[in-house]
Structures are given as structure tokens and as C-alpha cells.
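I opened my notebook beside the viewer and worked through one structure, a step at a time. Here is what I looked up, in the order it ended up on the page.

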Amino acid sequence: MIFEVQEGESIDDCLYRMKEEGYMPVKRTEKPIFEEKKIDGLLKYEPVKRKIVFEAKLVD
């Protein structure tokens, strides 16, 4: 099962949500989110936030 940290949600909140649904985190992945910005006529990509995703397994 995949759990994504939602906008306005802390990592602890996401982990608690996983626990409430009976899952345990196995792997954490972070992906940067970039935004295009035009500076001095050049197009540059700057990281503006990150997407955090947990891979989880069902606890027996």
C-alpha cells in the first residue's frame, strides 16, 4: 500500500494514519517538485517543495 504525506499534514500525522489503518512503513521516498522560473531571460528550474511517499505493509 502507498501512503502520501498530504498538503498540510506532517510526517507524524501520515505515520499515525498508516498505523490506524493497520499498516507499517517499509520504505520512504522523497521526490522534489520543481517550478520553472525565468531569470535574466533564462529558464531555470528551482525546487519549491517535496513529495514524500511511504510504502507500507499490512501488520499481522
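**Entry 1: a starting point in a strand**

I began with L43, which I found in strand β3, the run of residues 42-58. I reminded myself here that I am looking at a predicted model.

**Entry 2: a closer look at Y45**

Y45 also belongs to strand β3. Is Y45 buried or exposed? Its relative accessibility is 51%, and the cut-off for exposed is over 50%, so Y45 counts as exposed.

I then listed what Y45 touches, leaving out residues up to four places away in sequence: F34, E35 and E36. With E36, the side chain of Y45 makes a polar contact, side chain to side chain, at 3.2 Å.

**Entry 3: charged pairs**

How many salt bridges does the structure hold? I noted 5. A reminder to myself: side chains of opposite charge can pair when their charged atoms come close.

I followed R28 to start with. R28 forms a salt bridge with E30, and the closest N and O atoms are 2.5 Å apart. R28 is partly exposed, at a relative accessible area of 40%. E30 is partly exposed too, with 38% relative accessibility.

E30 has another partner, R50, with the closest N and O atoms 3.0 Å apart in that salt bridge. Why does this pair tie together parts that are 20 residues apart in sequence? Because E30 lies in strand β2 (residues 23-39) while R50 lies in strand β3. R50 counts as exposed, at 51% relative accessibility.

Putting those notes side by side, I could write that R28, E30 and R50 are linked in a network of salt bridges.

I also looked up K37, which forms a salt bridge with E46. Here the closest N and O atoms are 3.4 Å apart. Both ends count as partly exposed: K37 at 31% relative accessibility and E46 at 29%.

**Entry 4: stepping back to the chain**

What are the elements, and in which order do they run? I counted 1 helix and 3 strands in the protein chain, and from the N terminus on they run β-α-β-β. The radius of gyration is 16 Å, well over the 10 Å that the globule rule gives for 60 residues, so the chain is more spread out than a compact globule. Along its principal axes, the C-alpha trace spans about 55 × 20 × 10 Å.

I checked burial next. Buried residues make up 15% of the 60 residues. The chain exposes about 5000 Å², and carbon and sulfur atoms supply 51% of that area.

My last look was at contacts along the chain. Of the contacts with a separation of 6 or more, 49% are between residues 24 or more positions apart.

Note on methods. Residues are numbered from 1 along each chain as its sequence is written. This is a predicted model: local features need pLDDT of at least 70, side-chain atom pairs count only at pLDDT 80 or more; totals for chains, interfaces and linings use all residues. Side-chain values use heavy atoms; hydrogens and water are left out. Helices (H or I, at least four residues) and strands (E, at least two) are DSSP runs, numbered from the N terminus. A salt bridge is a side-chain nitrogen of Lys or Arg within 4 Å of a carboxyl oxygen of Asp or Glu. Buried means under 20% relative accessible area, exposed over 50%, partly exposed in between (1.4 Å probe, protein chains only). Contact means heavy atoms within 4.5 Å. A polar contact is a pair of N or O atoms within 3.5 Å; within protein, one must be able to donate a hydrogen and the other to accept it, and residues adjacent in sequence count only if both atoms are side-chain atoms. The radius of gyration is taken over C-alpha atoms; the globule rule is 2.2 Å times the number of residues to the power 0.38. Accessible areas come from the Shrake-Rupley method with a 1.4 Å probe; for residues, only the protein chains shown count as cover.
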